[in-house]
Every structure is written in structure tokens, then in C-alpha cells.
Amino acid sequence: MVVSAAMSDGKKQQGNQGKQDGGKGGGAAPQTAIVPTRADNYAEWYQQVVKAADLAENSPVRGCMVIKPWGYALWENIQRVLDGAFKDTGHVNAYFPLFIPVSFLEKEAAHVEGFAKECAVVTHHRLELKDGKLIPTGELEEPLVVRPTSETIIGEMFAKWVQSYRDLPLLINQWANVVRWEMRTRLFLRTTEFLWQEGHTAHSTAQEAVEETMQMLRVYADFARNWMAMPVVCGEKTAGERFPGAVQTFCIEAMMQDRKALQAGTSHFLGQNFAKASEIRFLDEKGVLEHAWTTSWGVSTRLVGGMIMTHADDDGMVCPPRLAPTHIVILPVTHKEEDRERVLAYCKQLQKDLRSQEFAGGKLRVEIDNRDLRGGDKVWQWIKKGVPIRLEIGPRDMDKDSVFVGRRDKGPKEKSTILRTEFIGGAAAMLQEMQDALYARALAFQASNTKIIDSKEEFYAYFTPPASKDPNAPTPIHGGFALTHFCGDRELEAKIKDDLSVTVRCIPLDGEGDAAPYDTTPGTCPFTGKPSAKRVVWAKSY
RNA sequence: CGGGGCGUAGCGCAGUCUGGUAGCGCACCUGGUUUGGGACCAGGGUGUCGGAGGUUCAAAUCCUCUCGCCCCGACCA
């Protein structure tokens with residue numbers, strides 16, 4: 001019986017986790033590369049996956065992470081695909097300042113209220129050495145905030161750029177970092193600084209702006225489904241969950257494996273609120289001075305967290321193939337010195353052949369891992385990173401002109417031999433098959449954890465966690481999405497949030513849900529007995 | 001920002017109650033034996049014990065203050 005190094009590490013880490021017995025005498029618990037498992041402690045599992053997959057780590061700066069190459073490559077792939085989609089829909093990129101004068105934020109009342117509490121503020125522009133310490137000096141006349149979002153500064157510029165209806169629409173996107181001084185941070189899901197894109201558009205009519213809002217929501221939903229293999233519910237936020245300053249906020253919501261909801265993208269119809277705040281005005285065809293109608297929409301590095309929590313398993317990350325930084329890793333088996341050169345040559349040729357294959361709008365991304373490490377060690381590293389396909393190539397495979405294939409959607413030991421030419425020709429299809437299977441699995445998970453609930457009692461029972469002796473223990477996985485009628489009363493929503501930490505994730509749009517049997521017919525709110533236009537999605541959220 | 005837990009070698013931890021020259025495992029390096037698989041044996045390097053004050057002949061250990069991380073809330077992409 002082999003007890004692996006990582007496993008014994010894990011046991012030491014957990015110590016009191018209880019159930020492992022070291023595997024002596026058979027009947028051992030299945031060995032997992034990640035300890036604890038999702039079921040044992042979901043929050044801790046998440047952090048261990050981020051670490052094991054080498055996606056990111058905490059930095060010396062509070063709440064700020066270092067995104068490591070493997071994690072950043074995922075983000076780059078997200079960027080590349082979305083950037084293409086933005087351009088396909090007529091948008092162009094630009095860049096606006098990191099700093100925003102405090103007075104700009106004051107212009108929109110709801111906006112101030114929403115963001116004032118979480119702004120980093122720059123008040124000085126110089127340091128002076130005093131007794132060996134650097135002291136800020138040179139106080140600014142007007143403090144600058146580090147952008148938490150750029151509506152105000154972009155609005156200021158839009159006001160200069162727009163005079164006539166002929167200047168509209170203005171369709172701008174920016175890839176940037178923003179800072180929100182959150183109380184509690186988690187890698188990728190909520191960090192003080194995060195990377196995102198923010199689209200900002202201005203239109204001459206409300207209708208056009210609304211259409212833009214919906215178009216971008218659909219771009220996000222398509223991206224989540226087709227690229228991240230992450231099913232989402234599209235819907236509108238309630239007033240309580242709306243973006244500060246927006247008239248309407250729309251979102252895509254995904255279900256994580258702990259059955260909590262993750263808001264994965266938002267698209268806002270801002271009406272004329274920001275146009276009025278920033279004086280974005282234009283003369284229409286009739287010569288009447290009007291305020292423009294604006295939108296904003298964004299997704300962030302949180303998507304990487306969403307990908308982890310949608311697909312990763314107890315052996316680590318599982319990259320959706322279409323966004324995987326590397327599709328296929330080749331692991332040369334070169335035990336005997338005399339074989340080394342010819343095995344490497346075979347691998348290089350194989351890499352070259354594979355790299356000429358098309359997948360997901362580009363070439364296959366294929367790497368050779370020729371590091372001087374033990375084979376099993378390397379295999380597990382790549383499993384934990386979630387690379388979709390591993391090829392182990394040694395003299396025996398060469399003799400048969402075949403490749404030894406391990407797939408991330410199968411067990412670590414479940415590998416098969418495939419003829420080299422057959423594999424090369426079928427690799428793209430295999431990846432797409434894995435992509436589709438990931439989506440199907442996530443969709444089935446979402447569907448099976450989405451419940452139609454029509455009584456208050458059932459609703460409360462659904463979302464009440466099993467009793468625990470330890471008040472500081474992680475909350476056990478429970479609940480999911482509830483489809484329940486809702487009269488729309490804000491105080492009721494607040495009360496439910498207070499009681500259960502459950503909120504309306506969205507009011508689903510007709511025909512836009514991936515999994516749920518959306519009943520869009522009117523009914524009765526089970527909490528108040530008042531009429532309800534349709535069922536809404538309730539869930540705990542990140 | 002409230003409640004709880006934790007900061008000791010690259011990582012994970014013991015040592016703290018009861019002050020007395022800083023330890024273990026893994027990782028790392030070297031040599032050897034192995035090897036279609038997260039190996040084994042031997043040898044080796046590694047720390048101002050999160051930081052700053054204080055008490056003391058003596059502080060990882062006691063006291064005060066701070067910073068950071070994790071969990072449970074509140075807040076949020």
C-alpha cells in the first residue's frame with residue numbers, strides 16, 4: 001500500500017479531520033489530491049485548489065492577491081474571447097485614469113452611497129524621510145479616490161465628446177483594475193484590487209440603451225455557457241440589489257458546487273442618472289437639448305473563481321478546455337538515457353503536429369513537460385492544474401506509434417492507448433466533448449438543486465442549515481436555488497435576508513435560464529399572499 | 001466593522017498553560033539504489049519564533065499595543 005506524500009501532507013494539515021485511516025489493510029477512503037474535500041469543508045477546499053493549481057496567492061498587501069501565471073493565463077483567455085465579442089458588437093477600447101477626484105463621486109447621490117464606504121483615498125503626493133521613516137507630505141487640494149468603477153470619470157469625458165445626436169452612440173470598453181475596500185476578501189471572488197472590464201455606452205434613446213444593456217447581458221451569458229461551460233440564469237436584480245445609480249441592473253447568476261449563487265456578470269441600464277450627473281447632453285434631430293441614456297456592464301477576475309467552483313473537484317482544478325491555458329501536456333517518459341533523445345524527438349514532432357490542429361477558434365495549445373521530476377509527481381501537478389489532456393510518451397508508445405492518454409474528466413489512473421494519428425485528428429473533438437460534458441454536468445447540478453417552493457415553511461426549511469454545535473464552524477452545504485413567487489416588497493426581502501442570508505438573486509428573464517423550469521406565469525407570494533408576476537430565484541450568494 | 005481561531009525554516013505543524021541556549025515532517029541540495037509512475041537509503045543547508053514596546057538575570061513562552069491570515073456575521077463583483 002502506497003501512501004503518497006501529498007496525502008500524508010494533507011492528513012497532517014487536517015489532523016483532526018477524523019475519517020482517514022491511512023489506508024492500512026484496505027478499504028481506504030479514496031485518495032484525493034485536495035484535502036479537505038468539497039464535502040468536508042468547501043471554503044477550505046476552494047483555497048487549497050487555488051494553491052494546488054498554482055492560480056494565485058495572497059500578497060503582503062492586505063486583501064490583494066498575486067495572480068500567478070496559470071491563473072493569469074485563464075484570465076488572458078477570458079479577456080481575448082470577450083474582447084473579441086465586444087468588438088464584434090461595435091465597441092472599442094479606451095483607457096481612463098485610475099484616480100478620480102472625490103467631487104466626481106459626489107455627483108450621483110445613489111452612487112456616493114454605494115461606494116463611499118469602500119474607497120481607497122489618495123491624499124498626498126510625496127514622501128519625506130523623517131527619523132528613518134517615510135512620512136506622507138504634500139497634501140492634495142482635492143483628494144483622489146482610486147476608482148471603484150469609472151462611471152463618473154468616463155461620464156465627465158463623454159460629456160465633452162458628445163454634442164450632437166450624430167456623436168451617439170458612444171460604445172467604449174476599458175480593461176482595468178479597480179479597488180474596493182471590502183471587509184472580507186477571498187482569492188478571485190472578492191479582492192481589494194481586482195481586474196475587470198467595464199463597458200460604458202451612451203445613446204440617444206432609452207430604448208437603444210436598454211437594447212445595449214440586454215445585448216451585453218447576452219454576450220456574457222453566451223460566454224459563460226460556451227466558453228466557461230458554466231450555466232447561468234439571466235435576470236434582473238431587485239431594487240435592493242441594484243447597482244448604485246442604475247435604473248435597472250441585469251445579471252448572470254451561476255450555481256457553485258456548494259449550491260450558492262455567484263453573480264458572474266452585470267449589465268446596467270443607467271437611464272439618464274449619470275448623464276444628468278455628468279451633463280452628457282446632445283442636440284437631437286429637432287434641435288432639442290437632451291440628456292443621453294447610458295449603460296455600463298462588467299465582468300471581473302471573479303470569473304476565474306466561478307470556473308473553479310463550477311468545475312474543480314477533489315483532485316484540483318478542472319479547466320474548461322476552451323479556456324485552458326494548455327490543452328495538452330506531453331510528459332516524456334525517459335528513464336533510460338539511451339532512449340531520451342528519440343523519445344524527446346518523438347514528443348516534439350507530436351507537439352508540432354498537434355499545434356497545427358484547430359480548436360475553439362485557434363490552434364491547440366500543447367506543452368512538453370520535460371522537467372527532471374518523477375513521472376507521477378508531474379502527472380499529479382498537471383491534474384491539480386486541471387489541464388484537460390495528458391499524454392505520457394515512452395519507448396513503448398513509440399514502438400506502437402501510439403500515445404498514452406489521460407483525461408482530466410476521468411480518473412487519474414484511467415488512461416488509454418490511442419494510435420498517434422488517430423489522436424492527433426481527434427484531439428479537438430475530444431476537447432470539445434470534454435467541454436460539453438462539463439457544461440452538461442454543471443447544468444444537471446444546477447437543475448437538480450433548483451427547487452420550486454410554494455410555502456413559507458418549505459422555503460425556510462430549505463435554506464436553514466443543519467444545526468451545528470460549533471457556531472464558528474463552516475456552514476454545511478445546504479439549500480440551492482429556490483423558485484418562489486415574490487410580491488416584490490423590499491422589507492420582506494430584507495427580512496428574509498436577515499433570517500436566512502438568502503436574497504433574490506434575480507427575476508429571471510423569460511426563456512433565458514439554462515436549467516430551471518422557469519414558470520413565468522403569475523401567482524401568489526407565499527410570504528404575504530399578495531399577487532406575484534412570476535417566480536424569482538432565491539439563493540445564498542457569494 | 002462585531003464574534004472566534006491562528007501567525008515558529010519554502011510548506012504543514014509541535015513547543016507557549018508551568019520563562020532556562022529552537023524542534024519534527026514534507027519540500028530543497030548532494031551521493032547511491034530504483035523507476036510506465038505522486039519511490040527508497042544515507043548525508044546536508046535552512047529560522048533575529050508576524051512586528052513594536054514592557055516585565056525579568058533570562059521571553060517563542062508572561063503583559064500591552066499593533067499588523068496579517070482564516071472561519072462565522074454585516075457589506076459587496
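The side chains of Arg408 and Asp313 are joined by a polar contact of 2.7 Å (a pair of N or O atoms within 3.5 Å; within protein, one must be able to donate a hydrogen and the other to accept it, and residues adjacent in sequence count only if both atoms are side-chain atoms). The Arg408 side chain also reaches the backbone oxygen of Gly316, at 3.2 Å. This is a predicted model, in which local features need pLDDT of at least 70 and side-chain atom pairs count only at pLDDT 80 or more, while totals for chains, interfaces and linings use all residues. Residues are numbered from 1 along each chain as its sequence is written, chains are lettered from A and ligands numbered from 1 in the order in which they are written, and side-chain values use heavy atoms, with hydrogens and water left out.

Let's stay with Arg408 for a moment. Its relative accessibility is 5%, so it counts as buried (under 20% relative accessible area, with exposed over 50% and partly exposed in between, using a 1.4 Å probe and protein chains only). Leaving aside neighbours within four places in sequence, its contacts (heavy atoms within 4.5 Å) include Met317, Val318, Ile383 and Met434.

Arg408 sits in the loop between β20 and β21, and that takes us to the sheet. Helices (H or I, at least four residues) and strands (E, at least two) are DSSP runs, numbered from the N terminus. Five strands form an open sheet in the order β18-β15-β19-β20-β21, with mixed pairing; two strands pair if DSSP finds at least two bridges between them. At the edges are β18 (366-368) and β21 (415-419), each pairing on one side only. β15 (residues 328-332) and β18 run parallel and are joined by three bridges, and Ile328 has Val366 as its bridge partner in β18. Helix α10 (residues 337-355) lies across β15, β18, β19 (389-393) and β20 (402-407), at about 170 degrees to β18 (axes are lines fitted to C-alpha atoms, for helices over the stretch in contact, and angles run from 0 to 180 degrees between N-to-C directions).

Now to the RNA. A side-chain N or O atom of Arg184 is 2.3 Å from a phosphate oxygen of RNA strand B.
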